[in-house]
Amino acid sequence: MRHIISILLENEAGALSRVAGLFSARGFNIESLTVVATNDSTLSRMTIVSIADDGIIEKIVKQLNKLIDVIKVTDLTATEHIERELLLVKVNVNQQTQVDINKQIDAFSCKLVDVSEDIYTIELAGKSKKINDFLANLDASKILDVSRTGVTGICMRNRNLTKGA
Amino acid sequence: MKLNGAQILVNSLKSEGVKHIFGYPGGAVLHIYDALNACDEIEHILVRHEQGAAHAADGYTRASGKCGVTLVTSGPGITNAVTGIATAYMDSIPMVIISGQVPSALIGNDAFQEVDAVGITRSCVKHNFLIKNINQIVNTIKKAFHIATTGRPGPVLIDIPKDITIATVEPKPYPNSVEMRSYQVPSRADSAKINAAADLIALAKCPIVYSGGGCIIGNAYQELRAFTRQLGFPITQTLMGLGAYPATDKQSLGMLGMHGTYEANMAMHDADCVIAAGVRFDDRVTANIDKFCPNAKIIHIDIDPSSISKNVAVDIAIVGDVKLVLSDLIVKMKTKFIQDISLWWSQIDQWRSVNSLAYQTKLGIIKPQTVIETLYEVTKGNAIVTSDVGQHQMWAAQYYHFDQPRRWINSGGLGTMGFGLPAAMGAKIAKPELNVACVTGEGSIQMMTQELSTMLQYATPVKIVNLNNGYLGMVRQWQEFFYEKRYSMSYMDALPNFVKLAESYGHIGIKVEKEQDLKPALIEAFKQKDRTVFLDILTDPTENVFPMIPSGAGHHEMLLAGRDEMASMNDDGLNLV
Ligand SMILES: Cc1ncc(C[n+]2csc(CCOP(=O)(O)OP(=O)(O)O)c2C)c(N)n1
Ligand SMILES: [Mg+2]
């Protein structure tokens, strides 16, 4: 199953390599990883998507908790949460394909962030699934470049990632 | 008065109560050595190889419970120490390693003797630090000792660039304690878990206590003894746990696992309740996991949540300090009635009567088992015994009956040949009042013989018991059993003359070739209180370690010496090491 694991950790040099090293040393899989400082600049938030059965996810969470730099680990998938990912994609457009691409842009509520003679740069934020669906609906031969941020997420309502349980 | 970084570092170690440092100098740590030179409170032991420094600090820790300290230079200094660090890490031994680093401004430039020490050691330390500022020194050292010695202990490395040891600053006082928001140590366990465990224990008809290195590292032996005796339960100990519970006590079934006793492994297999205390269900212990304790409810006490249900799913997981958890259980069990387990004991006595450690003697040939038995007799079971890795290690564990903790010192997790001699030196420095023996093999000893020189310089008299079978015996045994006797690269030709080797280092060397000379030689060696004695004992080159659970088999499928044909291993078994 796909899990989104949110990690609050000290914003120190080397903290990222400890987490990444743990995943590779123990053979855990990483689908995506994002990391950036929080509003408190001494802390970073890392969000990892991993596909594994629950037993492995439990091991991942325990091993992450063991790292000295890690303050809190939350399996977002086990709670009500919101996940988002940002896509930037460049596609080739011409007179024949334009109509169809515009239709997709509308259907997925994408933003057109740059338009040149024959290239559209499109932005889409949403769940990974939505981004996958959008990309699948484009004509693959027209896609020039894809860049995705990987997933970030947050717990809903009173549950917090930073403080308390 | 301003002090330089090196002086602040040495003062911090002093405040931490450090009395000994095992190390080796080099360019990046010259300032630290200069500061050490002016410090009378700390004795520095100049080893001959940085791996020896790490193993010696490790042996020092294991013998005394005090956190050992290693100091090495940048580049090859730290890379040489890595095997020793990994050895300590695998056995959860606290240690602080200080490595010099090239000056901050050169880091990342492939400077002379630069390696990424933090990167190289990351996967074999509990934590590591690169000091970036002179003002971080005191806090980093405080944190390093705190992290190394608390929770599930382990080695912590501090990498310090040379410029930081040279810079000067008005020193800050050494802190008494340290707060880390990201590091909390579990202590007392949840009382609901204690109650649930007590309920389960009270119902057990075939219980067994399975205890390990955690009971030694966590100084929980008194509690382990009280708990086991209060209940009258049988107890088996892992290779790492030997001595926490006295081996000669009637409730002790000896070691379990691959070369454990028949009664210990059979009792594990047939138990209905396993109380696992400070153990990690290592693959050498569990044998085939699918056949492990098929009928048992398992209670697992461990300070490290990541150990729990890592290899074996358990029924009751108690995360906490094993010493506190056992003392809580002792109190709780006083309020409970337990089952009559006399039938279980009669079953165990039947298994015991198999006498699985019996071995055949041969006229004119010294059996390695006899050597260990004689060593036990001559030292009255009171010595600290370190070992290297191989058959001799298993015989030492099987035939030297440890009644006290911190007397048996071996590399169980990493299985590092070369560990024994420097570890013995460290142990002797920590416990000068005790006899220290290093049980080794002609293969292992050659990985660290240079430390014989250190042992002369610092007058650390150790008795080296070399079970010289002319083979990398443990490798030869596996080749005999599982590779149709194709002895590929396991015969050791061109051995040195160990007697002369010892003598050239200023020690005493004795060669023992006949069984009747064995005991007198051992007695003579231990009479030489102030000397290191190298006993080169020619033992049966064909002897194998029994009993044995071949890889892929279960606890109930042990092979006994002289009684079972070595079954060929199945394919799954061959995949294992
Ligand atoms: C550093 C290292 N290299 C290789 C091994 C693999 N190994 C395990 S036991 C052994 C043989 C040890 O031979 P010896 O020290 O003579 O002991 P014996 O088994 O003969 O008692 C070897 C090579 C190891 N454990 N450590
Ligand atoms: Mg040998």
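User: Which residues in H4(B) do Glu50(B), Gln51(B), Ala54(B), His55(B), Asp58(B) and Arg62(B) in H3(B) meet?

Analyst: This is a predicted model, where local features need pLDDT of at least 70, side-chain atom pairs count only at pLDDT 80 or more, and totals for chains, interfaces and linings use all residues. Residues are numbered from 1 along each chain as its sequence is written, chains are lettered from A and ligands numbered from 1 in the order in which they are written, and side-chain values use heavy atoms, without hydrogens and water. Helices are DSSP runs (H or I, at least four residues) numbered from the N terminus, and contact means heavy atoms within 4.5 Å. On that basis, the residues that H3(B) meets in H4(B) are Gly77(B), Asn80(B), Ala81(B), Thr83(B), Gly84(B), Ile85(B), Thr87(B) and Ala88(B).

User: How many residues of the contact of H3(B) with H4(B) are polar?

Analyst: Ala, Val, Leu, Ile, Met, Phe, Trp, Tyr, Cys and Pro count as nonpolar, Asp, Glu, Lys and Arg as charged, and the others, Gly among them, as polar. The contact of H3(B) with H4(B) has 4 nonpolar and 3 charged residues, and its polar residues number 7.

User: Are H3(B) and H4(B) roughly parallel or roughly antiparallel to each other?

Analyst: The axes are lines fitted to C-alpha atoms over the stretch in contact, with angles from 0 to 180 degrees between N-to-C directions. H3 (residues 50-64) and H4 (residues 76-90) of chain B pack at about 30°, with axes 6 Å apart. Angles under 35 degrees count as roughly parallel, over 145 as roughly antiparallel, 65 to 115 as roughly perpendicular and the rest as oblique. H3(B) and H4(B) are therefore roughly parallel.

User: How far apart are the axes of H10(B) and H13(B)?

Analyst: Two packed helices are described by the angle between their axes and the distance between the axes. For H10 (residues 221-231) and H13 (residues 322-333) of chain B the angle is about 25°, and the distance is 9 Å.

User: How far apart do the C-alpha centres of domain 2 and domain 3 of chain B lie?

Analyst: An automatic or database domain assignment gives the bounds. In chain B, domain 2 covers 191-352 and domain 3 covers 368-538. Their C-alpha centres are separated by 31 Å.

User: Which three residues supply 42% of the area that chain B buries against chain A?

Analyst: Buried area is the accessible area (1.4 Å probe) that two parts lose on being put together, summed over both. Between chain B and chain A this is about 1400 Å², with 48% from carbon and sulfur atoms. The three residues that supply 42% of chain B's part, more than any other three, are Arg122(B), Arg181(B) and Ser182(B).

Notes
Helices (H or I, at least four residues) and strands (E, at least two) are DSSP runs, numbered from the N terminus.
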